[in-house]
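Here is a friendly walk through a two-chain model. Have the viewer open as you read, and turn to each part as it comes up.

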Amino acid sequence: MTAASPPEVLRAPLVVEFPFTRSLGPVQGAFLTGLRERVVLGVKASDGRVVVPPVEYDPVTSEEVRELVEVAATGTVTTWAWNDRPRPNQPLGTPFAWVLVKLDGADTALLHALDAPGPDAVHTGLRVRVRWAAERTGAITDIACFEPDETPAAATGATPHDGVFQDAVTGIVAEARLDYVYSPGRAQTAYINALSQRRIVGERCPSCHKVYVPPRGACPTCGVATTDRVEVGPAGTVTTFCIVNIKAKNLDIDVPYVYAHIALDGAGLALHGRIGGIPYDQVRMGLRVEPVWTEGGRYPDHYRPTGEPDADYEAYKELI
Amino acid sequence: MNKEPVAVVGIGQTKHVAARHDVSIAGLVREAAVRALADAELTWADIDAVVIGKAPDFFEGVMMPELYLADALGAVGKPMLRVHTAGSVGGSTALVAANLVAARVHRTVLTLAFEKQSESNAMWGLSLPVPFQQPLLAGAGGFFAPHVRAYMRRTGAPDAVGSLVAYKDRRNALKNPYAHLHEHDITLEKVQASPMLWDPIRYSETCPSSDGACAMVLTGRAGAARSPKPPAWVHGGAMRSEPTLFAGKDFVSPQAGRDCAADVYRQAGITDPRREIDAVEMYVPFSWYEPMWLENLGFAEEGEGWKLTEAGVTELDGDLPVNPSGGVLSTNPIGASGMIRFAEAALQVRGQAGEHQVPGARRAMGHAYGGGAQFFAMWLVGAQEPTG
């Protein structure tokens, strides 16, 4: 059979999120602990400039820098951009300005948010001060945001600081989250749609004639589009397997169980699945199996023995 | 115009451990880089470019090491490149750096690879919940174990071979002060008695999860002439890739691995790798991959790799020592693991490997692979400047 005009391609959200940890080391650790104590620290670079937020290594000479200094919680906006539509987890829920603020005593600018009524209220050179968060944990969010402040620049500059605090913060948790819309594309959409009729349908390469299951729309060896749809199986051969004795996170399968590569009859390569309906220690390479579907499952729940004689090794060794 | 000969004149590693909570990622890479510079008796000013590698970004979250680490690696005002080839990345990173020297684009290049696995989650990074897709029904080792079983079936290798590799590598690691696992009370019986996680792979036959970094300073002939210690010369280097899945893919002995090794041997003038190479640092994340790669890399005929392991040929005092450093089985900061193989091969031919030195090693091979047996990177280093 040939591919009909493509039906609607599947799409679904894919959210990738994870709480990553970060060890801070001596400089970032002092900086974030300082924020918890309402102290903003910078570091003195080899050319005498005060870098805020502090860095571990000199931006010019690359030498290790450790001379911490305290700067003021007030400063001057050096540039800005208005953010009309704040996204979730940004510093403020209402429209605000992203600002670079050179704190009094610092020679470099810090990126943060400025709470202002609108873009007309923001300009380069605007005087601002830190608005501290009510609850501070040793994170950049301990600075809730900046707010306009009419007081002129303090003349004191940076003052030496040993960076030592009680209960120093040594690590942070950084929540990372990415939102995608995922589409498996034309070929896999057809494959997935066929699964709902409990059929396993691959695509044949017009050049090497191998049948790809699942199909990816192209043959990775020949580099040409696959078009002819071919139903494979339902029976197949266990080409190789392992016995899983430890529970994997997020998998609700009782151990031990067999995870196998299964070459469905007619397929050019093996797919994977769980073997059931036979004690785990009796599964073998060459075992003939067929899919077992359960209500509501997109994929076969597992594969079970068909009762046929085992396949000869020579018949499937190229598919391992 | 001939290529510039490439020499390794500085090598630095961190002491690899399960978790380095005392340093940031910048602090971790810095340690390795500073040690490599010290080994070469060079300063940041002597470095013309930096080439860095690590495993996929998802392992440690969204990050741009090539940007964030520029200060720590002295790369301000210099070219900085990042290489990205899954588990083989440490090897391919070194090769990109070597090629920059060979092409006379830069005179002296710092190359570095790292992973801070304690602050990452490799398993999560490799198993994103992609809609409509069938989840992998096994943990990390479940991907590899079926290939090991296929190797055993194909070659008739006895079950005990995997344990022999793990026992050897863990003992070798005791001689390497930078290795992560130092199991002083290791015995073969303990390896064999360890739990079978993904049958046929036992717990003790798997690699650890490490924090660590490895750096090298690569330079040309003029830089090598000023080197305070003997340089290691690059005699050949190659990378190959192939799709993760395709009809006819041989997971036991991937074509890309065979082709990559053949290219390296051709460049280095090697016709009999078993006889002409004195030590091998190969990427063995699960013990059975030693005999598998012995065949894939041409050290043994097909089906014969396990016999070398079983006969003790790959032991530190055998005639083809494999992973004298203890290998990936003893130290695995994923992104750095390939570069550690390359660096350890260089240490051997420089005579700088300390207690795990293979006496008189003149030619050594470093090997890395990654993805689903998708990327291969190898180099062959020698004590003598290559001829021709």
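A residue is called buried if 20 or more other C-beta atoms lie within 10 Å of its own, exposed if 12 or fewer, and partly exposed in between, with C-beta atoms placed from the backbone. By that count B:Glu41 is partly exposed, because 14 other C-beta atoms lie within 10 Å. A:Arg38 is also partly exposed, with 13 other C-beta atoms within 10 Å.

A word on the source: this is a predicted model, in which local features need pLDDT of at least 70, side-chain atom pairs count only at pLDDT 80 or more, and totals for chains, interfaces and linings use all residues. Residues are numbered from 1 along each chain as its sequence is written, while chains are lettered from A and ligands numbered from 1 in the order in which they are written. For chain B, pLDDT (the predictor's confidence in each residue, from 0 to 100) averages 95, and 98% of the residues score at least 70. The complex as a whole receives an ipTM of 0.93 and a pTM of 0.95 from the predictor.

**The two chains**

Chain B has 14 helices and 11 strands; helices (H or I, at least four residues) and strands (E, at least two) are DSSP runs, numbered from the N terminus. The radius of gyration of chain B is 19 Å, close to the 21 Å that the globule rule gives for 388 residues, so chain B is as compact as a globular protein of that length. That radius is taken over C-alpha atoms, and the globule rule is 2.2 Å times the number of residues to the power 0.38.

Chain A is built from 3 helices and 19 strands. Its radius of gyration is 31 Å, whereas a compact globule of 320 residues would come near 20 Å. The domain assignment, which is automatic or taken from a database, gives chain A domain 1 (25-169) and domain 2 (233-319). The C-alpha centres of these two domains of chain A lie 58 Å apart.

| Chain | Span along principal axes | Buried residues |
|---|---|---|
| Chain A | about 90 × 45 × 40 Å | 37% of 320 residues |
| Chain B | roughly 55 × 50 × 45 Å | 62% of the 388 residues |

Two residues are in contact if their C-beta atoms, placed from the backbone, lie within 7 Å. In chain B, 79% of the contacts between residues at least 6 apart in sequence join residues at least 24 apart. For chain A, residues 24 or more positions apart account for 57% of the contacts with a separation of 6 or more.

**Where the chains meet**

How many residues of chain B are in contact with chain A? There are 44 of them, and they touch 48 residues of chain A. On the chain B side, the elements that give two or more residues are α1 (25-40), α5 (140-155) and β5 (196-199). Helix α5(B) gives the most, with 6 residues.

**The nonpolar core**

A nonpolar core is a set of buried Ala, Val, Leu, Ile, Met, Phe, Trp, Tyr and Cys residues joined through C-beta atoms within 7 Å. The largest one has 209 residues, and those with the most contacts inside it are A:Leu114, B:Val29, B:Leu73, B:Leu112 and B:Val381. Helix α14 (residues 334-350) of chain B gives the largest share of this core, 10 residues. Both domain 1 (25-169) and domain 2 (233-319) of chain A give residues to this core, so it lies between them. Leaving aside neighbours within four places in sequence, B:Leu112 has contacts that include B:Val29, B:Ile52, B:Leu73 and B:Cys214.

Strand β8 (residues 232-241) of chain B holds B:Gly237, which is buried, with 26 other C-beta atoms within 10 Å. Beyond four places in sequence, B:Gly237 is in contact with B:Leu95, B:Ala98, B:Val264, B:Met378 and B:Trp379.

**Backbone details**

Most residues other than glycine have a negative phi, and most peptide bonds are trans. A:Arg38, however, has a positive phi near 60° and lies in the loop between α1 (25-36) and β2 (40-44) of chain A. B:Glu41 has a positive phi of about 55°, and its place is the loop between α1 and β2 (49-54) of chain B. The peptide bond from A:Val255 to A:Pro256 is cis, with omega near -10°. Another cis peptide bond joins B:Asp199 and B:Pro200, with omega about 20°.
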